[in-house]
Structures are given as structure tokens and as C-alpha cells.
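Subject: Structure for your review

Dear colleague,

Please find the structure below, together with its sequence. My notes on what was found in it follow directly after.

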Amino acid sequence: MSAISASSSSSATDVSDDGEWLDVENDEESITIVSLFDSQTFPSWIEMLNHCKQRYNFDMIATMKSLQLDFHGAVKLVNFIRSRVRDQQQALPENLTLADFQDDCYFKPVLENDALIVSLDEILGSEVAKADGQLDNSRQELLAQKRVLEAELDLVRSQFSNYRLAVQETLDRRWGSDSEQSPSKASASGEDRGNYYFESYASNDIHETMLKDAVRTDAYRDFIYHNKHLIKGKVVLDIGCGTGILSMFCAKAGASRVIAVDKSDIIEKAAENIFNNDLSDIISCVKGAIEDVKLPVDEVDIIVSEWMGYCLLYEAMLPSVLYARDRYLKPGGLLIPSSATLWMAPVQDTEYMSEHVSYWRDVYGFDMKAMQEGIFDEVKVEALPKSSLCGEPYPFKTLDLRTIKPQDLSFTAGWESRLLRQPDGLDGFLIWFDNFFATSSDEPMPDPEMTPDVWAKAKQGNVAFTTGPSGIVTHWKQGLLLVPPENPLSRSALPDAISGQIAFAALEENARALRIDVTCSAKDGSAGGQGEKNWSWKLV
């Protein structure tokens, strides 16, 4: 539609690098109009239309008059003719009717910056002007509609330009201001981070990273495409749609309607992606938080969402999915995915500690221990090899998305691990998650220790994947919780088994961040003879 928004007025505008409209010189530009039926060009629409009439026996003005076309109809007629010529189709129908080009796809210009479309206003005006040169009421209405359309298109163009300026002027704002925060989230989980979270998802880079994560994207694609009988004819809600990839998977699988929701400006790109893939008749885009927007339906058959963050619950997007589940999902409706399991295991990796921790104590002969600040207080997102594990992994929490409540996302759970080898000491703990896609709402939950491979083979259509060290590395990697070197379990021989508790909770100052607390001792209650040890980390 960009060609329609071009103005034949002598006053021109441009957009600065800062996304602001700037006035430029008032220059009169010459135009070149391409013939409707060949590549010949003309300096005016009158000469071009005469050429079409004489050589191809097509009178465009007479056709527009006989079909009583307004500006929008004339645009579609031009693009209909150009598309047939481009696709080398046969001549136009002998008796051309409105039905031949009623499809809205003909609003999309075949030629970029088509000067003929820009001239349609003048062409129509030449035919509807009265003898006294005054415009009649229908012409005035046409111009009013055109001005509204141009204003809307200018707004869209401005939005596309401004979206590239994401994540600006937010670091100096107070997180979770009352004007930006969803009331439902604020009351449930403390302060939010304002718009920063959503603005961070407006850039292309983060979506490229996620789309190129084949473990992640293939899992959704495979489940949707291998279970088309579950999708066909259904109404699907895609929460946090991003680029629209999951919505388009569902549309291709036969969904009757897909509603794609995202608060980030990436929703504008999603709408464009959907339009360019001819799926706009199935997928509707809605901008805003799911808690705040009004959907065009009262209920949906399926909810699909890629809500997982680092250590599964970082970013706190799952409460939005649970809100939508309780508000919109039909009884017996399907959640994609359906459950997730959190795992942890003790680690001891001398090579990693040497390269990333003790390294700072001797950098070209200088002690830079100041660079170690926070290294034992913050969760590090790393992809460690399976050989780093010095104890058996333990599934400490399973989330059944069909029944779990938002308040259940802050929890304390027990864990234990039998040591696989006797390491020199404990370097920390590794946390990851597995995701499971069930084919029905009443399918039993996977056992806590069930691996994704076993789940996928248990029933046709099941899909699952792991983010753990035994699988292909994903963009989530794993959460590494390093313990200080002076911990009791690193100064003495470790027992054969260790155990304790692990707690997940949102930070009070940032509802999208995580606080993880771990206690550890020998399974008999001691910690190398020095009692229970406690640590705490933040993931911000």
C-alpha cells in the first residue's frame, strides 16, 4: 500500500534518522508512468491511457465509469491488470466485472511506487468534475476518504520507522511505573519493569536468535504439523506472537482463525509477515498485553505460546498464559506446550572455573579480582557439557500448565543427588528444563523423571525437548549457580549424596527477574561436618 500513500501535492515531507518528520524543499518532480500492458513509459497518464486504448483496445476511463469505481476500486483495477501482465496470463476478460478484482490482495501494488496509482486522483477528478469546475458531493466524499487513508498509511509508516528505535530512554525511568503496569500483574507479583521488557522484543536480533534455535522452533512446528487434526477448524490464540511464526504454523495446519497478541512493536512486523504470506484472512493481530486487550472472540479452542525464559520462569510471561487460559480457553481446550519440568544437578568443572573465575586473579601478572564482583551472586547463562555434572540430575519441579496457578510459580522444593564421582569440590549447580507437548487436555502428565525422548515415543503426536547438557544447545542454555570457593563442600571430601531445598521467587524490585535460593548438606544432614549451607542468586 506504500504506493497509494504517495502524495501528488507539491509539499513534500521526509523522515529524519531520529524518526521525526522534517520539511524539505517544495520541488516539483517529474513522473514516469509505465504502461498497463507493456514496459513502455510515458510522461503523463493521458499519453499512457491513449497508448493502451489505441494499441490494446482498452479504455480505462470508460471502464472505471461503467463499473462506477471509486478511488479504492480504481487501485484494485490497476493492480489486477498489472498482476495478469506480470504473470503472463491471457487477455483481460471480455466483460470485465467488479467480481474479477474484488479480492483485497489487489490493494498491494504490483509496481513499487506506481505513478499511475498516484495519478488516479487526478484521473477520477477529470471525469467527475462538473461543467462549472466545482466538485460534486461524491467527489468531495472520495477525497475525504482518500485523505483518511493517506493519514492512516502515514501513521503506519511512522510506526514502522519508530519501531527500530526500541529500548531507548527506558534505563533512566523507574521500573514498574503505575501508568505502564498492568493492574493484574502488579497485584499478583509486585512491580513490573514498565515497557522495557516489551521494547527489548521489538528488535530483530532477539527474534532471529529464537527462530534459528532449531530445537525450539522445530518442536512447535512438528507438534502443530503432525497434529493437524487437532488444529483444523479451531480458533487459536497465540500469546506473545513475536514475528508471527507460531500463528502461521497454525494457519497452515488448518486453523479457522488465529488471534496473534503481542504488546511489543514487533506485532507490526508480524502483521506484515502475515500479509506477505497471504494469511491475513485467517490471522488477526492484536497489540497489547493479553490482560488488557479485548479479543474479537469470547473463547478459543487452543492456546499456543513460547513463554519460557532462562531457568524456565525468568521474564514472568507464564502468568499471562495462565490468565488467558482461565479467561478464554474452552473446557477441554489444548495448551501448546502442556507441561514443563525443572532439573538441577551439582557441577564441578575445573576448566570452566579456571577460564572464567580464577582467571581474574592473574591477568598478565595483575590481580583483577574486582572483575569477579557479583560472579557468585548472579545466575550465569551458560551451556556446560554433560561431563561437568558431578552428581545425578534431579527433577525438582513439574509445572502442569492445565492446572497450575500464578501463585504456584513462587515455590520451595526439595532436591537430592547421588554423586557420580568424587570431585575436588563443589563449584555450583546447573538448572535447566524440559518441555512437553501433549495431544489432549486429559493426557496424563509425564513422570518427573521421564525424558523427552521417552515421552515422544510414548504416543503418536507427542513432542518434547530438553535444554539440558545432554541435548543440543538451545538459546536458553542452562542457568549456572556458582558457589564461593570457601564453601564447606569445597574444602573437604564430599559425601556420597547431597540434598537440600531450592526456592524460586520473583524479585520485589523487578517482577520479571528471579531470585533462586539453594540449601545443601550431606544427605545425613551434615555438610562435610559443618552443617547446612545456604546460597542465593539473582537472575536479572
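Both faces of strand E14 are covered: Gly428, Leu430, Trp432, Asp434 and Phe436 on one side, and Phe429, Ile431, Phe433, Asn435 and Phe437 on the other, are all buried. Here buried means under 20% relative accessible area, exposed means over 50%, and partly exposed lies in between, with a 1.4 Å probe and protein chains only. Since 10 of the 10 residues of E14 (residues 428-437) are buried, the strand is largely enclosed by the rest of the structure. Helices (H or I, at least four residues) and strands (E, at least two) are DSSP runs, numbered from the N terminus.

Please note that this is a predicted model, in which local features need pLDDT of at least 70 and side-chain atom pairs count only at pLDDT 80 or more, while totals for chains, interfaces and linings use all residues. Residues are numbered from 1 along each chain as its sequence is written, and side-chain values use heavy atoms, with hydrogens and water left out.

Strand pairing around E14

Two strands are taken to pair if DSSP finds at least two bridges between them. Strand E10 (residues 339-347) pairs with E14 in the antiparallel sense over 9 bridges, and Leu430 in E14 is the bridge partner of Ala345. Strand E16 (residues 478-482) also pairs with E14 in the antiparallel sense, over 4 bridges; Leu482 in E16 stands opposite Gly428. The pairing of E14 with strand E15 (residues 463-466) is antiparallel as well and spans 4 bridges, with Ala464 in E15 opposite Phe436.

Aromatic pairs

The structure holds 20 aromatic pairs. One of them joins Trp343 and Trp432, which are stacked at 6.5 Å centre to centre with 0° between the planes. This pair links distant parts of the chain, with Trp343 in strand E10 and Trp432 in strand E14, 89 residues apart. Trp343 is buried at a relative accessible area of 10%, and Trp432 is buried at 6% relative accessibility.

The ring centres of Phe437 and Phe465 are 6.3 Å apart and their planes lie at 40°, so this pair is tilted. Phe437 in strand E14 and Phe465 in strand E15 are 28 residues apart, and their pair likewise links distant parts of the chain. Phe437 has a relative accessible area of 0% and is buried; Phe465 is buried too, at 5%.

For these assignments, rings of Phe, Tyr and Trp (its six-membered ring) pair if their centres lie within 6.5 Å; planes under 30 degrees apart count as stacked, over 60 as edge-to-face and the rest as tilted.

Charges over rings

A charge sits over a ring if NZ of Lys or CZ of Arg is within 6 Å of the ring centre and within 35 degrees of the ring normal. Lys228 lies over the face of Tyr225, at 5.3 Å from the ring centre. Lys397 lies over the face of Phe411, at 4.8 Å from the ring centre.

Helices

In helix H9 (residues 214-226), the buried residues include Tyr220 and Phe223, along with Val215, Arg216, Thr217, Ala219 and Ile224. The N-terminal end of H9 is capped by Asp213, with a side-chain oxygen 3.3 Å from the backbone nitrogen of Val215.

Ser119 is found in helix H4 (residues 115-128) and is buried, at a relative accessible area of 6%. Leaving aside residues up to four places away in sequence, Ser119 touches Ile31, Ile33 and Trp45, where contact means heavy atoms within 4.5 Å.

Glu208 belongs to helix H8 (residues 204-211) and counts as partly exposed, at 37% relative accessibility. Glu208 and Thr243 are 35 residues apart in sequence and 9.4 Å apart in space, C-alpha to C-alpha.

The chain as a whole

The chain has 16 helices and 19 strands, and buried residues make up 49% of its 540 residues. Among contacts between residues at least 6 apart in sequence, 71% join residues at least 24 apart. The chain exposes about 27100 Å², of which carbon and sulfur atoms supply 47%; accessible areas come from the Shrake-Rupley method with a 1.4 Å probe, and for residues only the protein chains shown count as cover.

With kind regards

Terms used:
A polar contact is a pair of N or O atoms within 3.5 Å; within protein, one must be able to donate a hydrogen and the other to accept it, and residues adjacent in sequence count only if both atoms are side-chain atoms.
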